[in-house]
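Try each task before you read its solution.

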Amino acid sequence: MTNTSPVTKADKARLEAESRNATKAQLYEFWYYFSQNKGAVVGLIVFSLLVLMAVFAPLVAPHNPDIQYRDSFLVPPVWEEGGKAAFLLGTDAVGRDMLSRLIFGARFSLFIGVVVVSIALVGGVVLGLIAGYVRGTVDTFIMRIMDIILAFPSLLLALVLVAILGPGLINAMIAIALVLQPHFVRLTRAAVMSERSRDYVIAAKVAGAGHFRLMFKTILPNCVAPLIVQATLSFSNAILDAAALGFLGMGAQPPTPEWGTMLAEAREFILRAWWVVTFPGLAILITVLAINLVGDGLRDALDPKLKRS
Amino acid sequence: MFRFLFGRLGLLIPTFFGVTLVAFSFIRLLPGDPLDLLAGERGISPERKAQLLAQMGFDKPLWRQYIDYVAGIFQGDLGTSFASKKPVLDEFMTLFPATAELALCAIILAVCLGIPAGIFAAVKRGSIADQAVMGTALIGYSMPIFWWGLLLIILFSGILQWTPVSGRISLLYFFPQPTGFMLIDSLLSGEKGAFLSAVRHLILPSIVLATIPLAVIARQTRSAMLEVLGEDYVRTARAKGLPPSSVIGLHALRNALIPVVTTIGLQVGVLLAGAILTETIFSWPGIGKWLVDSISRRDYFVVQGGLLLIAGIIMLVNLIVDVLYGLINPRIRYN
Amino acid sequence: MNFQKSLKATLLGASLAVIAATGASAKTLVYCSEGSPEGFDTALYTAGTTFDASSKPVYNRLVEFKRGTTEVLPGLAESWEVSEDGLEYTFNLRKGVKFHTTSFFTPTRDFNAEDVVFSFERQLKKDNPWHEYTPGAAWEYFNGMSMPDLIKEIVKVDDYTVKFVLNRPEAPMVANLAMDFASILSAEYADKLAAAGTKEQLNQEPVGTGPFTFVGYQKDAVIRYKAFADYWNGKQPVDDLVFAITPDAAVRLQKLKAGECHVMPYPAPADVADIRDDSDLTMMEQQGLNVGYLAYNTKVAPFDKAEVRKALNHAINKQAILDAVFQGSGQAAKNPIPPTMWSYNDAVEDDDYNPDLAKEMLEAAGVSDLSMKIWAMPVQRPYNPNARRMAEVIQADFAKIGVNVEIVSYEWGEYLSRSKEVDRDGAVLLGWTGDNGDPDNFLAVLLGCDGVGGSNRAQWCDENFEALIQKAKTVTDKAERTKLYEEAQVVFKEQAPWATIAHSVVFMPMSSKVTGYIMDPLGGHWFDGVDIAE
């Protein structure tokens, strides 16, 4: 026992170093392909800035987003006639600073994206793994339920779900996660089914790995690439859908500075105060665009088929 | 082929029943009820409420209500709108042409611009033109369309005053609507200017609704073209010295279009979801707005019937796409 | 089957549209309405939008409100008598009144007692063949005004005399008959539809005696009418009336400015100043017949003490609410009835905003560390454009006197039913819009003992107040009633079951060319007598 131990230890250290190197190489390769896509890099930079802005919102924002300056209703942006230097992007109908609300709004949108994707991803992966691994009745059952969810337009389904759960940010996120989930289930299931019969899985099975280990430790890591791409897609969809729900009055409730909700509140001023309508939408567009750019870059870097061409 | 068709239909049956079950349970889970809402501050006595709920069949056991509902579906009876007291199916039939007209115009716009844009970008791959087209497509794809619609209204209706703000046709015109499609009806009416007015009213909503499908189709066409252009037979055709236009037109395009057709089919759900927002912005009297209003009014049978009808349309279109795909590409049938 | 039916209906509508379109170069008044009517048989519905499109242009009632007031004038009845005991109302009907001739119906006789009996009995009698002619017919307004309990029978005395027999005296009865649900339909038209087996058409193609004839309706888009040439009160100055359904307030204004419509209701408060500045537009304004209030639960301690309620009332800064919530479209309320209503007691003194006094009063009442809930409704109402914001202002006000407020809200339907519960926790923001201009319609409905556990959200039952309003119900002399109601308002103010908050101001922007428009204190929109200057 004692004399074999140093050897094993050395072996182990060597193996670990090797795998570390391999991971490093993989990451390097990933970054190489990712950075080939200039758009993706720009997207990543913009996205990072948005994250920083959201995290440090109280430090960055010039005003408290909820304070109503009663003497400054609908002040235009600073460069327009009648603008005030204190309100760079103007104020809304009850005298709140637009810029500060937009900055705080970034928190909500990013939070929505993270939470929705987490719920949809975890739920979808688990269901997809089970469906693809177990097959049979369980598979049929799960996939039919996903078919049912996909038979409705996603926004309509989310709308009804929110009506049932009650309007609000949290309920909107749950509803959106539910309607985005089937894509993860389908993706995972397809990946699992193609991986299941591969040699390494069969080897692990022969070596006596349990179902749980097989599903999560052996198969799952090999399905990660398409899931990451889908997750980025869902991230931007979640932000758009949450904003749409807010716009229809069923998402975050005022006075929350969520961008979609701000747009809904601003609608009545569409023809006289362009800034209250323009900026929240622009914020949504920039955020979603940045994420989609990153998503395209990720797909290029992770999808071997496209890499080749 | 028939086995394939029946297989697909067989898959639809459980989904269909699932959809009925979902629509059925949703309205029973919605908090509040139409009677309280309708009575408003005036209120309604509990006895009278119970009586009216019984009139709508809500006093029966749940399983019985469900059976009645499904039996009704097969007889074309989806219940009565609580607000208007009219059959849900009749309301749907009067409003659906408006949505269909808008959606068709949008999809035609998306296809007519999206496919050429995608081909162009693929052929000019890597050029500035390619990047510009794909950049625009990505912006379109990231667009919050409810905001996009508002922007277009500000610009074209507010500042430039080129297009009307809302509605389907100018109030000056009033003519029979045998089809419900304003473009056709305005032509049939023979009234001068009616068709133009209908077109002017359609422009902005169509653009808004077409934005996302257009972007998706352009991107999809480009990547499908790139893939096909790299295939052996296209290289062979090129090597044989065929002119580039014939290579692209005859060989590549036909094959590249197969996944694009699927994409177009899948856009139907996107269009219907988009119609909810577009119709709300432009006061377009279609089913999207009808359903949103009915949800907030708790108009039970409209929500229940409307959900079913919309899901039915999506399932039907998906089936057609599936079958078409199976026809074009026989390999799929055996998967 | 159903598709064919709807196709047939479309074609039918089409043929009448052609007839209408031939009357070229006519004077057309376009009204940008805020929503779609639910149907055209007024009595089936309760929404003002539906009334604007059905009962007001198309129908008449036995008696009518004098335009711009809540005073009752003869309508289809030329005169009426009330029996000594107040139980019998006899109406003498106007002769020679014509029903509309349309593409779908040609009347063969003038209006008579048959039509009156038909219009009411279908709502009253369960065995009437028209009682459930369309699924879900509930006659909600008729029921809401307690008509089934009140009316014993409706008797046709002769062709031009109708007698209403009541179960108990009811002073507001005549005013009730001027309401929209009391519109008179054609019995002959109904018989024709019944014979043809198309009863539901009654709700889709209305025939009445009113100033405008219904021409056609495109769902959620346009309703068309034309002036009725044989109208008993003279033909209208305009030839055509069009409702362009435009739910969005900003879009309505845009259309008004572009000349696409002549009159619009409900401008966004934010646009009011802008409209005033526009020289092409005029804006009429009027106090709405409504009240917004905060109702304490007088059955729950410590709100069962009048001193506590009174103290809290002193803590509310109404001016801040008017500024932040109403943005100039409101007026502070001191009485539970609006100032435009007869018997409004202007002598009543409001509880002024005085946080120090409020604090003292609370201490004197032995209340400290008070925590309470305030309910804020989730929807916009005429008497309260933004309940949540209102609740936030009150929350801040109460915090100043050391009262801690939690704001709660429910879905609207649930809010309405839950707030009725006698043991409800918290004070409720709510309001009321008048139906018929009678004070009884506010005071008895909202504060009477019968309303406890129902429309009386304060759960308040005061002996003195109840005696006054019950007496006022049975007396028919208006001067005497006025006195009783004025006294009731004094009792109300002393006892303070509510904090009265505001009455809204209603704005009506229109093109400067429009003449003769008169605002309705009851909130309806009428277009008879309206003209467009060239």
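Helix axes here are lines fitted to C-alpha atoms over the stretch in contact, and angles run from 0 to 180 degrees between N-to-C directions. Please keep in mind that this is a predicted model.

**Exercise 1. A helix pair in chain A**

Describe how helix α8 and helix α9 of chain A pack, and state which residues meet.

Solution. Begin with the geometry. Helix α8 covers residues 199-206 of chain A and helix α9 covers residues 211-219, and the two pack at an angle of about 140° with their axes 11 Å apart.

Next, classify the angle. Angles over 145 degrees count as roughly antiparallel, 65 to 115 as roughly perpendicular, and those under 35 as roughly parallel, with the rest called oblique. α8(A) and α9(A) are therefore oblique to each other. Their crossing is right-handed.

Now look at the side chains. From α8(A) come A:Val201, A:Ala204 and A:Lys205, and they meet A:Leu214, A:Thr218 and A:Ile219 of α9(A). This contact divides into 4 nonpolar residues, 1 polar and 1 charged.

**Exercise 2. A helix pair in chain B**

Carry out the analysis for helix α6 and helix α9 of chain B: at what angle do they cross, and which residues make the contact?

Solution. Helix α6 spans residues 128-141 of chain B, and helix α9 spans residues 194-229. Their axes come within 8 Å and cross at roughly 140°. By the angle classes, α6(B) and α9(B) are therefore oblique to each other. The handedness is left-handed as α6(B) passes α9(B).

On the α6(B) side, the contact is made by B:Val133, B:Met134, B:Ala137, B:Gly140 and B:Tyr141. On the α9(B) side, the residues are B:Thr211, B:Ile212, B:Leu214, B:Ala215, B:Val216, B:Ala218, B:Arg219 and B:Arg222. Sorted by class, the contact has 9 nonpolar, 2 polar and 2 charged residues.

**Exercise 3. The make-up of chains A and B**

**Exercise 4. Annotated spans**

Relate the UniProt features of chains A and B to the modelled secondary structure.

Solution. Over residues 106-295 of chain A, the model is 82% helix and 0% strand, with the end C-alpha atoms 19 Å apart.

Move on to chain B. Its unreviewed UniProt entry places the feature "transmembrane region" at several spans, including residues 144-163 and 198-218. Residues 144-163 of chain B are 75% helix and 0% strand, and the end C-alpha atoms lie 21 Å apart. Residues 198-218 of chain B are 100% helix and 0% strand, and the end C-alpha atoms lie 28 Å apart.

**Exercise 5. What chain C touches**

How many residues does chain C give to its contact with chain B, and how many to its contact with chain A?

Solution. Take chain B as partner. The contact uses 51 residues from chain C and 41 residues from chain B. Elements of chain C that each supply at least two residues include α1 (2-21), α5 (140-144), β9 (222-227) and β16 (427-433). The most comes from α1(C), with 11 residues. By class, this side of chain C has 23 nonpolar, 17 polar and 11 charged residues.

Then take chain A as partner. Here 7 residues come from chain C and 8 residues from chain A. Helix α9 of chain C (residues 249-257) provides the largest share of the chain C side, 3 residues. That side divides into 4 nonpolar, 1 polar and 2 charged residues.

**Exercise 6. Domains within chain C**

Locate the domains of chain C and describe their contact.

Solution. Chain C is divided into domain 1 (35-209) and domain 2 (290-506). Their C-alpha centres lie 34 Å apart. In the contact, 12 residues of domain 1 meet 11 residues of domain 2. The domain 1 side has 8 nonpolar, 3 polar and 1 charged residues.

Definitions and conventions
Residues numbered from 1 in each chain as written. Chains lettered and ligands numbered in written order. Predicted model: local features only at pLDDT ≥ 70, side-chain atom pairs only at ≥ 80, totals over all residues. Contact = placed C-beta atoms within 7 Å. Helix = DSSP H or I, 4+ residues; strand = E, 2+ residues; numbered from the N terminus. Nonpolar A, V, L, I, M, F, W, Y, C, P; charged D, E, K, R; others polar. UniProt positions renumbered as here; feature names shortened; annotations may be inferred. Left-handed = near helix turned anticlockwise from the far one by under 90°. Domains from an automatic or database assignment.
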